[in-house]
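This report concerns the side chains inside one protein model. Please look at the sequence and structure below before reading on.

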Amino acid sequence: MYQTSLWWIKRDLRLSDNPALLEALNQSHSVIPFLIFEPSVISSADYSTFHFEAITEAARGLRERLREVGSDLWVETGEFEEVFLALEKHIAIDAVFSHEETGSGFTYSRDKRVAAFLAGRKIPWIELPTNGVIRRLKARSERTLLWNKRIYTTPLDAPKSIPLPSLLREEIGKRKIPDTPARVGLPQTPNGARLKVSENDAQSTLQSFLFSRGREYRYRISSPVTAMTAGSRLSAHLAWGTISLRQVVSHTESRIKELQFDSSTEAKQWRSSLRAFISRLHWHDHFIQRLESEPEMEFRALNPAFREIPYVNDSERLERWLHGQTGVPLVDACMRCLHETGFLNFRMRAMVVSYACHILHLSWQDIMYPLARLFYDYEPGIHISQLQMQAGVVGINTIRVYNPDKQLLDHDPDLRFTHRWIPELRPYSMPQLLSHPSCPLPNYTTPLVDYRESSAKMRSLLYAIKKSARGKEVSAAVLRKHGSNRRREETKNRRKPRDERQLTLL
């Protein structure tokens with residue numbers, strides 16, 4: 001038994017179903033919940049005020065929960081090593097517990113630095129899995145079996161008490177959670193309608209989805225209008241760990257069982273949607289596993305055949321795309337929505353990436369970090385994997401070049417979403433928007449490039465690489481290492497477009 005251990009809270013801001021916390025309690029007389037705001041992480045390329053806001057809100061909720069079980073939250077701003085040494089002035093630390101994080105290259109490097117620091121002080125660091133991502137996975141063929149063993153088990157209960165060292169009881173209450181982004185050198189964001197992130201909010205969001213909002217999930221998640229309510233809205237909770245994937249799967253499967261003997265039309269719709277949701281839950285860790293198994297994919301295309309695409313290095317194109325000034329209504333509406341809410345449904349995320357890479361010919365690497373900073377639910381493994389897939393550089397997926405006009409007609413026919421986010425377009429009807437730019441609209445920008453010409457050029461280039469002898473050879477190797485073995489799910493969903501089957505709870 002350790003006398004005093006740290007529970008290093010990273011992306012697991014919850015008490016229930018938290019293996020790292022429970023293992024710390026099993027092996028220690030007392031446990032210190034330990035949350036740090038690291039300046040180097042805050043200033044890294046993929047971090048933003050959105051992420052700070054999500055973490056601080058979740059931390060406030062966690063502190064309330066901790067106090068209910070006789071504990072509290074040790075909060076500091078500083079690098080791990082300096083904060084650790086400062087804490088040791090109050091009390092000796094015998095071990096550190098945390099979950100296994102599949103993060104960006106920056107946090108991976110941080111973890112290696114921390115591991116060396118703790119090893120030098122002969123302090124064990126015990127990391128435990130928090131999802132279905134398998135560290136040091138030997139063969140991709142084993143993943144589904146291991147995932148099922150880990151996820152299809154009963155979620156762990158929250159501890160009824162967390163003993164704190166008596167020496168810290170007075171001091172820990174003085175540790176304040178940063179109350180504004182300015183406290184850590186970040187800018188303020190617009191006061192948009194962002195999801196509340198805490199363990200209690202995660203549970204209520206899940207329940208509202210399973211019993212109220214989710215009946216039309218399968219049919220309404222493609223529209224940026226209806227996905228706001230018909231979607232699960234759990235992506236931010238999963239990203240910051242206010243709920244576990246195991247909890248979501250367990251509650252969803254229980255709900256499906258409740259409906260299995262109900263023959264009503266409504267029950268059939270529920271079952272159809274919740275089964276589709278379960279299928280997408282499997283994809284969640286599938287994409288994170290790619291980054292876990294190949295961390296270098298943050299810096300280069302997963303498929304070597306696609307690493308030399310001659311993208312355009314154009315700062316004006318990048319800035320206009322990023323801030324919703326491309327002159328393409330649905331693309332601009334999506335980007336402006338992101339700036340305020342931090343959220344888009346999957347299809348719209350795929351479309352804005354396709355437009356950037358296939359139409360503006362911007363590199364997926366140039367848009368990777370700016371887009372990460374806009375996602376309130378940023379999960380590095382999903383973000384990087386999906387970015388490469390939508391850019392068409394993985395080589396094992398269908399290359400999809402999204403037509404924004406078609407997406408507008410199909411998924412925002414009443415222009416509710418577009419008019420909301422682009423007020424200068426409110427006087428104009430759908431025919432007027434579709435005839436732009438041949439009939440320019442006053443007070444609205446002209447598109448940067450010709451859609452047909454640009455899309456044809458990039459599509460031709462990507463298909464030439466994919467069909468080449470080298471492209472086929474390398475893609476086969478990528479498929480063996482990173483492809484999915486879930487053929488049964490593929491068969492059940494054969495009628496759904498592949499890009500929709502690969503939704504990740506967005």
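Cys337 is buried, with a relative accessible area of 0%; buried means under 20% relative accessible area, exposed over 50% and partly exposed in between, for a 1.4 Å probe and protein chains only. The model is predicted: local features need pLDDT of at least 70, side-chain atom pairs count only at pLDDT 80 or more, and totals for chains, interfaces and linings use all residues. Residues are numbered from 1 along each chain as its sequence is written, and side-chain values use heavy atoms, without hydrogens and water.

The whole structure contains zero disulfides, a disulfide being a pair of cysteine sulfur atoms within 2.5 Å. For Cys337, the nearest cysteine sulfur is that of Cys334, 7.0 Å away. Cys357 is also buried, at 1% relative accessibility, and its sulfur is 15 Å from the closest cysteine sulfur, in Cys334, too far for a bond.

Cys357 is among the residues in contact with Ile367, where contact means heavy atoms within 4.5 Å.

Rings of Phe, Tyr and Trp (its six-membered ring) pair if their centres lie within 6.5 Å; planes under 30 degrees apart count as stacked, over 60 as edge-to-face and the rest as tilted. By this rule there are 14 aromatic pairs, including the two below.

| Pair | Centre distance | Plane angle | Type |
|---|---|---|---|
| Trp8 and Trp125 | 5.5 Å | 40° | tilted |
| Phe209 and Tyr217 | 5.5 Å | 80° | edge-to-face |

Trp8 and Trp125 are both buried, as are Phe209 and Tyr217.

Terms used:
Lists of a residue's contacts leave out its neighbours within four places in sequence.
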